[in-house]
Amino acid sequence: MRIEDLDTARVVSGAQARLEQDLGWLGLDWDEGPVKQSERTELYEKAVAVLAGRGLVYPCDCSRAEIARSASAPHAGEESVYPGFCRDRDPWRPMKRPPALRVRVPDEVVAYEDAVMGPVTQSLAKDVGDFVLQRGDGVFAYQLAVVVDDLAMNVTDVVRGADLALSAPRQIWLARALDREPPRYWHVPLVVAPDGARLEKRTPRSTIRELQKTGVSKERIVGKLAHGLGLASTDAPTTAPALAALQVDLKIPWRREPWTIPTQW
């Protein structure tokens, strides 16, 4: 288990304990951890130093507003593509604000075969631009930390939401820039509310704990989710270990579309 708590100012007190309790109740366990990213900054510093030694890192004192105002900054989802204002500027110049550290990406297309979504391609220069490794306030970026941790932990398969599929190409490139091969990626569909919106804390009956309080069994929840994601042919109640055994050969195709949370469990 890895706790991604890099931005410590935004960490909610007690959230980790509740997460562990919910997973334990569902029958989902882990072989290692919990490991906190906030305690692994030395590893991220070393990775940045390796990339800097190869001329791939530079300081950037641009604000988000300056980037967003640029006519040459198209958008990919919610991200502005960095237009490269600071790429070739003197790194020792006076800075307007504490600078972030960005990585120089090459003008190349990264392609990978997602185990759920199929082929995914992305032009790093055109679709992403030079992305942040460390924010101006010293917080290391998600894109760097997850790559460093996946490599350090010898992760072979990353299973996560489809909203992160377009993060994979830059993470694949970053892993190879650190002289390692990346893991295999599985981007599964999101579970959404009846109106199609992403689940939030205010979405009625959207949390495991709320379902548990109303008397819904863990087997029912696992069965519904497994069927909704395409991991089981029916939504019959089941357990996490039974589901894992069923998926040894991955004979049931994963769904690729978002799955709507049931109004009745």
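**Figure 1. Packing of helix α2 against helix α5 in the predicted model.** Helix α2 covers residues 41-53 and helix α5 covers residues 142-152; they pack at an angle of about 100 degrees, and their axes are 10 Å apart. Angles of 65 to 115 degrees count as roughly perpendicular, and α2 and α5 are therefore roughly perpendicular to each other. On the α2 side, the residues in contact are L43, Y44, A47 and V48. On the α5 side, they are L144, A145, V148 and D149. Sorted by class, this contact of α2 with α5 has seven nonpolar residues, no polar residues and one charged residue.

**Figure 2. The protein chain as a whole, for orientation.** The chain has 265 residues, and buried residues make up 40% of them. Its secondary structure consists of nine helices and 13 strands. Taken along the principal axes, the C-alpha atoms fill a box of roughly 60 × 40 × 35 Å. The chain exposes about 15000 Å², of which carbon and sulfur atoms supply 53%. Among contacts between residues at least 6 apart in sequence, 69% join residues at least 24 apart.

Figure 3. A search of the whole structure finds zero disulfides. C60 has a relative accessibility of 2% and counts as buried. C62 is also buried, with a relative accessible area of 14%.

**Figure 4. The cis peptide bond between G33 and P34.** The bond joining G33 and P34 is cis, with omega about 5 degrees. Most peptide bonds are trans. P34 lies in the loop between helix α1 (15-26) and strand β2 (35-36).

**Figure 5. Residues N154 and D179, each with a positive phi.** Most residues other than glycine have a negative phi. N154 is not a glycine, yet its phi is positive, at about 55 degrees. N154 is found in the loop between α5 and β10 (157-161). At 58% relative accessibility, N154 counts as exposed. D179 is another residue other than glycine with a positive phi, in this case near 65 degrees. The loop that holds D179 runs between α6 (168-177) and β11 (184-188). D179 counts as exposed at a relative accessibility of 55%, where the cut-off for exposed is over 50%.

**Figure 6. Helix α8 and what covers its buried residues.** Helix α8 spans residues 218-228, and its buried residues are I221, V222, G223, K224, A226 and G228. The cover over these buried residues includes α1, α7 (208-213), α9 (240-246) and β13 (259-260). G230 follows α8 and has a positive phi, near 85 degrees.

**Figure 7. Residue G228 of helix α8.** G228 is found in helix α8 and counts as buried at 2% relative accessibility. Not counting residues up to four places away in sequence, G228 touches R255 and W259. From C-alpha to C-alpha, G228 and P59 are 45 Å apart in space, and they are 169 residues apart in sequence.

Figure 8. P183 is 15 residues from A168 along the chain, and the C-alpha atoms of A168 and P183 are separated by 9.9 Å.

Notes. Residues are numbered from 1 along each chain as its sequence is written. This is a predicted model: local features need pLDDT of at least 70, side-chain atom pairs count only at pLDDT 80 or more; totals for chains, interfaces and linings use all residues. Side-chain values use heavy atoms; hydrogens and water are left out. Axes are lines fitted to C-alpha atoms, for helices over the stretch in contact, and angles run from 0 to 180 degrees between N-to-C directions. Helices (H or I, at least four residues) and strands (E, at least two) are DSSP runs, numbered from the N terminus. Angles under 35 degrees count as roughly parallel, over 145 as roughly antiparallel, 65 to 115 as roughly perpendicular and the rest as oblique. Contact means heavy atoms within 4.5 Å. Ala, Val, Leu, Ile, Met, Phe, Trp, Tyr, Cys and Pro count as nonpolar, Asp, Glu, Lys and Arg as charged, and the others, Gly among them, as polar. A disulfide is a pair of cysteine sulfur atoms within 2.5 Å. Buried means under 20% relative accessible area, exposed over 50%, partly exposed in between (1.4 Å probe, protein chains only). Accessible areas come from the Shrake-Rupley method with a 1.4 Å probe; for residues, only the protein chains shown count as cover.
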